[in-house]
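My notes follow in the order I took them.

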Amino acid sequence: MSAVAALPASPRDRPREKLERAGPDALGDAELLALLIGHGTPRHDALGVAHRVLVAFGGVRGLVRLTPAELRRVAGVGPAIGGRIRAAVELGRRTLAPASDRVRIQSPAQAADFLVPLFGAYPVERFGVVLLDTGLRVTGTRLVATGSLDSVPTDPRDVFREAVASGAAAVLVFHNHPSGDPTPSAEDLRLTKRLLSAGRILGVRVIDHLILTDTEYRSVMRPRTARRTPSWRE
């Protein structure tokens, strides 16, 4: 018995038509990604490219860790398609974060709600500082260093240069762990002590140092307990 060639998808089953007919909730991950990719290439249709991307990165959650070099290794993904995927991931990341000009953070948990969607999922470590006024309202967020898979060289002068230039009353520093484990390293603890000392000299309060992953966080200065979430105002 000879094999039967696969029939082309019915127009009703194509992602764009399905979206119009049933809405985005009716589409699978590959179909949504195929719509973003567009028309694909002469050799690779959009849905096929979408499937390969999702397999390569372990599903949609893996897209937050993608790098341009990794994307280029997927058949059918060129600079244009790769750029669209990365831009969509960044837009999604930003929609999850509250507007910084209205954010007031008074505990590690509130800070994590603000920072994890923006900075938790990156393939290399990045160190940043959140600038705060006297009421612990966010006045700005700056990245001060980018490192490797397991380290990021950070100089306290870079952190406080941003704080002094902006007139911040307090700062919260943070960096991500691409490994997914938010446990502080010995170097993380040493750096936190150096930042606290520099902050006291300069009159800028360091309220915490958070370590982020794509789903978790850890406060270096005030570890969470099972009973409650600590507040910096206590």
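I count a contact when heavy atoms lie within 4.5 Å. The model is a predicted one.

Entry one: Thr139. Which residues does Thr139 touch, once those up to four places away in sequence are set aside? I found Leu131, Leu132 and Asp133. I placed Thr139 in strand 2, which covers residues 138-146. Thr139 is partly exposed, because its relative accessible area is 48% and the exposed class starts over 50%. I also looked up Arg104. Thr139 and Arg104 are 35 residues apart in sequence. Their C-alpha atoms are 9.6 Å apart in space.

Entry two: helix 6. How many of the 12 residues of helix 6 are buried? I read 9 of the 12, so helix 6 (residues 108-119) is largely enclosed by the rest of the structure. I noted down the buried ones. They are Pro108, Ala111, Ala112, Phe114, Leu115, Val116, Pro117, Leu118 and Phe119.

I found Thr192 in helix 8, residues 186-202. Is Thr192 buried or exposed? Thr192 is buried, because its relative accessible area is 5% and the cut-off is under 20%. Where does its side chain reach? The side chain of Thr192 reaches the backbone oxygen of Asp188, at 2.8 Å. I then left aside the neighbours within four places in sequence. Thr192 is in contact with His209, Val220 and Met221.

Conventions
Residues are numbered from 1 along each chain as its sequence is written. This is a predicted model: local features need pLDDT of at least 70, side-chain atom pairs count only at pLDDT 80 or more; totals for chains, interfaces and linings use all residues. Side-chain values use heavy atoms; hydrogens and water are left out. Helices (H or I, at least four residues) and strands (E, at least two) are DSSP runs, numbered from the N terminus. Buried means under 20% relative accessible area, exposed over 50%, partly exposed in between (1.4 Å probe, protein chains only). A polar contact is a pair of N or O atoms within 3.5 Å; within protein, one must be able to donate a hydrogen and the other to accept it, and residues adjacent in sequence count only if both atoms are side-chain atoms.
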